[in-house]
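Welcome! Take a moment to look it over before moving on.

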Amino acid sequence: MAEITITETDQRRATDNVLDVREDFEVAEGMIPGALHIPMGQLQARLGELNPAVPVIAVCRSGNRSAAVADALNGAGYKADTMAGGMTAWARAGLPTT
């Protein structure tokens, strides 16, 4: 797993799966446009929603949960990275949310 910057995430979000693993109440505050929302606790049950051929960028509020998710995805045969700083850094940088 690599930790990538918000800038790299912004550049890659058109080609990679951005996976938001935050809870519903957190996502209500805004999400990266085009991201797929699967709360961390539901990931195992909903793994089929991710295409293993497409790299994944895991995102959470600060970067802790997404790092654990990226590790788990890599262990399951996906190519997954985590976005450093999470949505806190994304929002602070003024990047778009939906």
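A residue counts as buried under 20% relative accessible area, as exposed over 50%, and as partly exposed in between. The model shown here is predicted. Its protein chain holds 5 helices and 5 strands, and from the N terminus on these elements run β-α-β-α-β-α-β-α-β-α.

**Overall build**

- The radius of gyration of the protein chain is 12 Å, close to the 13 Å that the globule rule gives for 98 residues, so the chain is as compact as a globular protein of that length.
- Along its principal axes, the C-alpha trace spans about 35 × 25 × 20 Å.
- Of the 98 residues in the protein chain, 42% are buried.
- Among contacts with a separation of 6 or more, 65% link residues 24 or more positions apart.

- The 5 strands form an open sheet with parallel pairing, in the order S1-S5-S4-S2-S3.
- Strand S1 (3-4) and strand S3 (36-37) stand at the edges with a single partner strand each, so one side of each is left without a neighbour in the sheet.
- In general, strands of a sheet pair through backbone hydrogen bonds.
- Strand S2 (residues 17-20) pairs with strand S4 (residues 56-59) in the parallel sense over 4 bridges.
- Two residue pairs to look for between these strands are valine 18 with isoleucine 57 in S4, and aspartate 20 with valine 59 in S4.
- S2 also pairs with S3 in the parallel sense, over 2 bridges, and here leucine 19 stands opposite leucine 36 in S3.

**A helix across the sheet**

- Helix H4 (residues 64-75) lies across S2, S4 and strand S5 (80-83).
- The direction of H4 is at about 175° to that of S5.

**The nonpolar cores**

- In soluble globular proteins, nonpolar side chains tend to be buried together.
- The largest nonpolar core in this model has 14 residues, and those with the most contacts inside it are Leu19, Leu43, Leu47, Leu50, Val56, Val69 and Leu73.
- S4 and H4 each supply at least two residues of this core, and the largest share, 3 residues, comes from H4.
- Leucine 47 touches Leu73 and Tyr78, not counting residues up to four places away in sequence.
- A second, separate core has 13 residues, including Ile4, Val27, Met31 and Trp90.

**Arginine 46, step by step**

- Where does arginine 46 sit? Arginine 46 is found in helix H3 (residues 43-46).
- Is arginine 46 buried, exposed or partly exposed? Its relative accessibility is 23%, so arginine 46 counts as partly exposed, a class that lies between under 20% for buried and over 50% for exposed.
- Which residues is arginine 46 in contact with, leaving aside its neighbours within four places in sequence? The contacts of arginine 46 are with His37, Ile38 and Pro39.

Technical notes: Residues are numbered from 1 along each chain as its sequence is written. This is a predicted model: local features need pLDDT of at least 70, side-chain atom pairs count only at pLDDT 80 or more; totals for chains, interfaces and linings use all residues. Side-chain values use heavy atoms; hydrogens and water are left out. Two strands pair if DSSP finds at least two bridges between them. Contact means heavy atoms within 4.5 Å. Axes are lines fitted to C-alpha atoms, for helices over the stretch in contact, and angles run from 0 to 180 degrees between N-to-C directions. A nonpolar core is a set of buried Ala, Val, Leu, Ile, Met, Phe, Trp, Tyr and Cys residues joined through side-chain atoms within 4.5 Å. Buried means under 20% relative accessible area, exposed over 50%, partly exposed in between (1.4 Å probe, protein chains only). The radius of gyration is taken over C-alpha atoms; the globule rule is 2.2 Å times the number of residues to the power 0.38.
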